[in-house]
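Reader: I am new to this structure. Please take me through one part of it closely.

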Amino acid sequence: MPRVPIAPESVDLSGIRAWLFDLDGVLTPTATVHRHAWARLFRPYLESHGVAPYRDEADYFAYIDGKPRYDGVRDLLASRDLRIPEGDVADSPDADTVHGLGNRKNEAFNETLAEEGVAPYPASIAFLDALHERGCLVAVVSSSKNAPAVLDAAGILDRFEIVVDGAVAARESIPGKPAPDMFERAAELLGVDTAACAVVEDAESGIRAGAAGDFGIVVGVDRGVGRDALAELGADVIVDELDELIPAVERTVPPAPAAATSIDPDREDRA
């Protein structure tokens, strides 16, 4: 029998103390910037190797979305039976290696971000405001090593004491999505049991990561993967925009004293 997600207006959030947000496609529309950067990388690359052409959304969602950058390169190349040297993180963007291609994509992303900027989704900001009023803790969990720069460009970096991104994962040898470890690390840094945390994701790999861990609830934001796919992957509730969950927050999460809405600034375990 197909999995039936909970309706947003019916979900019980009374046991949820912390919210672990993916960034691209959940808080900011930078998933589009990433998608375009990957297309600029792989369209000419695959054509030059005489294999099946790059299918923008289909290949992006199937092999790249939500994963650490170099994993996305490996998986996309594997889908075309292409094997190239790994190289290392210091490789030039011109290098024909996994790391070189990943670095080339990152250059394209940063150029686009600098030229166009990014604004957060208004509905996501409204939801963050509702969580703040209830004293809920929040963290960003992103495979991208650009997460702090994107948060800063969007004007919301100061909303998150904890950011577990690709750079943190590399530094601490944390497995990336679809493993649940990055979300588990964010919960640990917030000082909250995973069972009291909500995972908020739009990517297939991120939903898989949430479903693989012992989290209280997995929220799927449908930015193109599709509701049926998100449900099958393990989303407990699915929304088009996060403000659909505000009534549930207001109904089941009591307002908290102001002192409970922030993290001790003297903590030394910030990401």
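Which residues does Phe21 touch, not counting residues up to four places away in sequence?

Author: First, the ground rules. This is a predicted model, where local features need pLDDT of at least 70, side-chain atom pairs count only at pLDDT 80 or more, and totals for chains, interfaces and linings use all residues. Residues are numbered from 1 along each chain as its sequence is written, and side-chain values use heavy atoms, leaving out hydrogens and water.

Now Phe21. It touches Val26, Leu27, Phe127, Leu128, Leu131, Val138, Ala139, Val140, Val141, Phe160, Val200 and Leu242. Contact here means heavy atoms within 4.5 Å.

Phe21 belongs to the largest nonpolar core, which has 42 residues. Such a core is a set of buried Ala, Val, Leu, Ile, Met, Phe, Trp, Tyr and Cys residues joined through side-chain atoms within 4.5 Å. Buried means under 20% relative accessible area, with a 1.4 Å probe and protein chains only. Trp19, Phe21, Phe160 and Leu242 touch the most other members. Helix 5, residues 122–133, gives this core its largest share, 5 residues. Helices are DSSP runs of H or I with at least four residues, and strands are E runs of at least two, numbered from the N terminus. Another core lies apart, with 27 residues, including Ile64, Tyr70, Leu82 and Val218.

Step back to the protein. It has 11 helices and 6 strands. Of its 271 residues, 52% are buried. Among contacts between residues at least 6 apart in sequence, 64% join residues at least 24 apart. The C-alpha atoms fill a box of roughly 60 × 50 × 30 Å along the principal axes.

Terms used
Buried < 20%, exposed > 50% of the residue type's maximum accessible area, 1.4 Å probe, protein only.
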